Amino acid sequence: MEKAAIVIDNLTKRFEDVTAVDGLSLEVENGELYGLLGPNGAGKTTVINVLCGLLEPTSGSVSVGGYDVQKEPVKVKELIGVCPQDAAVYPYLTGRENVELFGNLHAMPKDKLKRNTEELLGKMGLLEDAKRRVGKYSGGMKRRINLIMALVHDPKIAFLDEPTVAMDPQSRHAVWDFIRELKKENKTVILTTHYMEEAEELCDRVGIIDRGKLIALGAPKQLIDKFEEKNLEDVFIQLTGRRIRE
Amino acid sequence: MNLQRVFSLVKKDLKKMIREPAILFLIILFPVIMTLAFGASFGAIGGTQSATYEIGIVNMNSEAYKEWSEHFIGNLTDTEILKIKDYVDNETAQADLIQGNIQAVLLIPENFGESSNSFWKAPSESRLWVNTTVHLYVDSGSMFATQAIQPIIQQILAVTVYGAQPSSTARPIQIGSPSLVEASRLTQFDYFAPGLFAFAAIFLTMIVAQSFTEDREKGLLRRINITPTTPTEFMTSQTISNMLAAISQVAVVFTMAFLVGYRPLGGAISLIFAFVIVTIFSLCCVGFGLITAAISKSPGAATGIAFIFIMPQMFLGTFVSVGLSSVAQSAGRFVPAYYVTDALTSLFLRGAPISSPTILLDITVLTIVSVMVLLLGIVLFRKYGKA
């Protein structure tokens with residue numbers, strides 16, 4: 001595996017007459033927790049979808065774990081875990097069954113799957129509710145199980161697309177703790193968010209994108225110092241003239 | 001192909017079938033209720049084979065040789081399938097037939113006895129026979145009466161006049177074209193039952209269409225697409241789960257039909273064949289479901305669009321087609337369900353062997369069509385349905 005876990009080179013993605021991503025280039029190092037920040041519609045989810053092979057780039061190239069996503073999608077899928085923005089869960093399965101299903105889809109050995117399932121359910125505070133059908137879960141619980149489903153197979157690279165959106169503060173802090181543990185385990189993580197405090201709290205580096213373009217890149221503190229602002233939210237306002245959640 | 005992935009997806013689908021009330025209803029409860037309802041309505045419940053047809057008889061036989069017509073009427077009565085009502089003239093009998101009080105009118109002609117007697121005097125010399133015709137009027141509003149009464153009367157007439165196993169096809173007494181169906185032991189439900197198997201399985205189309213559009217809407221297809229699961233593994237799992245659903249439907253329909261007194265011809269081999277042919281048919285239903293999902297924007301739309309495939313098959317390819325015109329019945333050959341019902345009818349109702357040309361042709365056509373529809377469904381869904 002090469003040094004950079006993820007390489008995006010001059011990526012452009014157009015949907016008919018809309019340019020969602022416009023000439024984006026960036027590199028994410030192995031073991032780095034990289035935040036992709038921007039308002040809704042900035043192109044964050046499109047980048048994630050291209051990285052995991054769901055969308056073909058209009059131009060440019062992307063590689064994940066050293067594999068070209070377009071040429072070797074199966075190799076890439078074996079390396080990654082993706083937590084989609086909207087909780088994609090089977091409501092008629094229990095929490096545990098949802099997690100085990102996705103472990104099986106990654107062809108995990110049974111004993112490892114059982115061990116990881118227990119561990120992750122415990123960490124996310126869902127052990128007691130694991131036997132209940134997900135259709136009966138609250139929104140926050142669904143989002144937590146959504147995250148576990150993405151990580152049960154212990155992926156080297158994780159794409160977490162707005163994992164804490166619409167979560168209550170208690171669930172959000174549980175997820176933050178969980179993401180910090182991923183960092184400790186030396187996993188490469190791309191975290192998309194429009195919560196600036198989340199990025200400041202968790203990320204090694206952040207890339208701020210707006211209208212499909214990368215407008216700033218650096219460590220949160222470095223960016224705050226560079227633009228002489230109090231926080232990343234103010235950095236974004238200075239760069240774009242808008243608030244991130246407008 | 002990784003079997004761990006395939007079986008985990010099959011397991012997931014089977015759990016859905018059991019846990020989602022709407023799907024459980026369509027796969028299991030609907031066939032149960034349908035079979036019981038038809039069994040209760042069309043004479044199978046209780047296992048009784050008692051008289052179901054009431055026919056009026058106008059006996060115009062002359063005094064000479066009157067014992068022939070009395071013997072014929074006695075044999076008709078003894079069947080316990082026909083309830084005999086005597087009429088003095090044709091007009092009164094026809095009036096009752098029009099009002100639906102009876103299902104048929106039989107006119108025994110004046111020279112019936114004379115004709116019968118002439119046959120027995122010289123069985124091999126047809127030039128000496130006195131030829132005559134027994135007129136039969138059947139209620140055209142009753143599809144069962146039109147199908148069943150004539151063969152019954154034909155059979156009893158043959159036994160009465162010529163003996164049980166007549167050797168010659170020439171006869172002095174005619175009653176139209178006899179049917180080869182041994183209708184004397186059949187209830188109305190026996191005619192319906194072969195079509196019930198295809199009828200139950202047809203709704204798999206709707207289940208598949210709803211399932212795919214729902215999973216697409218919730219982002220679950222995209223999520224599976226991000227795992228190393230291949231399209232072949234995914235489609236194999238879908239096919240296996242729907243085959244298992246079809247098998248359970250056959251088991252449910254047959255069990256319920258058996259409980260209400262249905263006893264098809266052919267024994268265990270016929271039953272195994274029913275499982276096989278409905279399983280093949282399930283491939284076709286998965287294909288139609290995928291085509292539906294490919295063109296449907298939402299699960300609600302999929303439910304409606306699925307009926308484009310369900311309705312023609314229901315009307316032209318199952319028991320419903322029994323009451324349709326000959327043109328409509330011919331049109332049935334264009335729907336896959338027809339071949340399921342036709343093969344099972346030959347097997348269960350006519351007692352044909354599995355190796356008979358009709359059944360072999362049915363299963364060949366069904367297999368080819370089902371595989372083609374399934375492949376078309378996969379191609380269309382991959383091209384248009386994944387967004």
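## Helices and strands

Helices and strands here are DSSP runs: a helix has at least four residues, a strand at least two. On that basis, chain B holds 15 helices and six strands. The model is predicted.

## Two domains in chain B

Chain B is split into two domains. Domain 1 is made of two stretches, 3-44 and 188-385. Domain 2 covers 53-184. How far apart do the C-alpha centres of the two domains lie? The distance is 43 Å.

Chain B has 387 residues, and 52% of them count as buried.

Now look at contacts in chain B between residues at least 6 apart in sequence. Of these, 78% join residues at least 24 apart.

## The nonpolar cores

In soluble globular proteins, nonpolar side chains tend to be buried together. The largest nonpolar core in this model has 68 residues. Which of its residues touch the most other members? They are Ile145(A), Leu160(A) and Phe212(B). Helix H5 of chain A, residues 139-151, gives this core its largest share: seven residues. A second core is separate and has 59 residues. Among them are Phe30(B), Val250(B), Phe254(B) and Leu316(B).

## A closer look at Phe212(B)

Leave out residues up to four places away in sequence. Which residues does Phe212(B) then touch? The list is Leu221(B), Phe234(B), Met235(B), Gln238(B), Leu290(B), Ala293(B) and Phe381(B). A contact here means heavy atoms within 4.5 Å.

How values were computed
Residues numbered from 1 in each chain as written. Chains lettered and ligands numbered in written order. Predicted model: local features only at pLDDT ≥ 70, side-chain atom pairs only at ≥ 80, totals over all residues. Heavy atoms only, no water. Buried < 20%, exposed > 50% of the residue type's maximum accessible area, 1.4 Å probe, protein only. Core = buried A, V, L, I, M, F, W, Y, C linked by side-chain atoms within 4.5 Å. Domains from an automatic or database assignment.
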